[in-house]
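Open the model in your viewer and keep the selection tool at hand. The tour goes from one selection to the next and says what is there.

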Amino acid sequence: MGKKGVSISIEDYSERDKNFPLKAIKTKVELRLLQAGIKGVYIPTGQYIYIDAQPTIFGDRVTGYHVSIEPRRLMEFQALDNTGKLVTYRPFACSKSYGGTCGTSRLVPFIDKLMDDLLLDYLKANPKKKGPLLSE
């Protein structure tokens, strides 16, 4: 995930959920990325991790969260539009999404588990390169 790091984008539901743990989520995600040797940043890098922990509200209280974590990357391709003109498209693409539902008290641990799954897949796909053996 890039030499400049990977951007982190977290949907903020503080207005709908007064107890939404935005700071705890940011801290957890940054820590997990650092543990994997990835720098988390809040500037555009062309690749980012999108975290959406939408509150489930029943009546006037939050009963849980629908969580989705997606690694996204800017891609570019060219194709003919409907007039035959060659056009360049630059969408963000996601190859895999990690998610599920959890109760209110389990949000940050659930995000931690999803980040674990994401980073395990990342490390499998991008094994650390081994350097030459040092001779004595």
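Helices (H or I, at least four residues) and strands (E, at least two) are DSSP runs, numbered from the N terminus. The expected span of a helix is 1.5 Å times one less than its number of residues. This is a predicted model, in which local features need pLDDT of at least 70 and side-chain atom pairs count only at pLDDT 80 or more, while totals for chains, interfaces and linings use all residues. Residues are numbered from 1 along each chain as its sequence is written, and side-chain values use heavy atoms, with hydrogens and water left out.

**Stop 1: helix α2**

Select residues 107-125, which form helix α2. This helix has 19 residues and reaches 27 Å from its first C-alpha to its last, close to the 27 Å expected at 1.5 Å a residue.

Which residues of α2 are buried? A residue counts as buried under 20% relative accessible area, as exposed over 50%, and as partly exposed in between (1.4 Å probe, protein chains only). Select Leu107, Phe110, Ile111, Leu114, Met115, Leu118, Leu119 and Tyr122: these are the buried residues of α2. An α-helix has 3.6 residues a turn, so residues three or four places apart point the same way.

Now show what covers these buried residues; the cover includes α1 (22-35), β3 (47-58), β4 (61-74) and β8 (98-103). A contact, here and below, means heavy atoms within 4.5 Å.

**Stop 2: Val29 in helix α1**

Select Val29, which lies in helix α1. Val29 counts as buried because its relative accessible area is 0%. Leaving aside neighbours within four places in sequence, Val29 is in contact with Ile8, Ile51, Ile111 and Met115. Ile111 and Met115 are among the buried residues of α2 from the previous stop. For a distance to check in the viewer, take the C-alpha atoms of Val29 and Ile57: they are 28 residues apart along the chain and separated by 24 Å.

**Stop 3: salt bridges**

A salt bridge is a side-chain nitrogen of Lys or Arg within 4 Å of a carboxyl oxygen of Asp or Glu. By this rule the structure has six salt bridges.

Select Arg32 and Asp116, whose side chains meet in a salt bridge (3.1 Å, N to O). Arg32 lies in helix α1 and Asp116 in helix α2, so this pair ties together parts that are 84 residues apart in sequence. Arg32 is buried, at 14% relative accessible area, whereas Asp116 is partly exposed, at 30%.

Next select Lys96 and Asp121, a salt bridge with its closest N and O atoms 2.9 Å apart. Lys96 lies in the loop between β7 (92-94) and β8, and Asp121 in helix α2, so the pair ties together parts 25 residues apart in sequence. Lys96 is partly exposed, with a relative accessible area of 41%, and Asp121 is partly exposed at 27%.

Then select Lys113 and Asp117, where the closest N and O atoms of the salt bridge are 2.7 Å apart. Why are these two separated by about one helical turn? They are separated in this way because they are four residues apart in helix α2. Asp117 is partly exposed, at 24% relative accessibility. Lys113 is partly exposed too, at 44%.

**Stop 4**

Select Ser7 in strand β1 (residues 6-10). Is Ser7 buried or exposed? Ser7 counts as buried, at 9% relative accessibility. Not counting residues up to four places away in sequence, Ser7 touches Val41, Ile43, Pro44, Thr45, Gln47, Tyr48 and Ile49.

From that list, select Gln47, which is in strand β3. Gln47 is buried, with a relative accessible area of 9%. Gln47 and Arg72 are 25 residues apart in sequence and 5.6 Å apart in space, C-alpha to C-alpha.

**Stop 5: the cysteines**

How many disulfides does the structure hold? With a disulfide taken as a pair of cysteine sulfur atoms within 2.5 Å, the structure holds zero. Cys94 is partly exposed, at 33% relative accessibility, whereas Cys102 is buried, at 12%.
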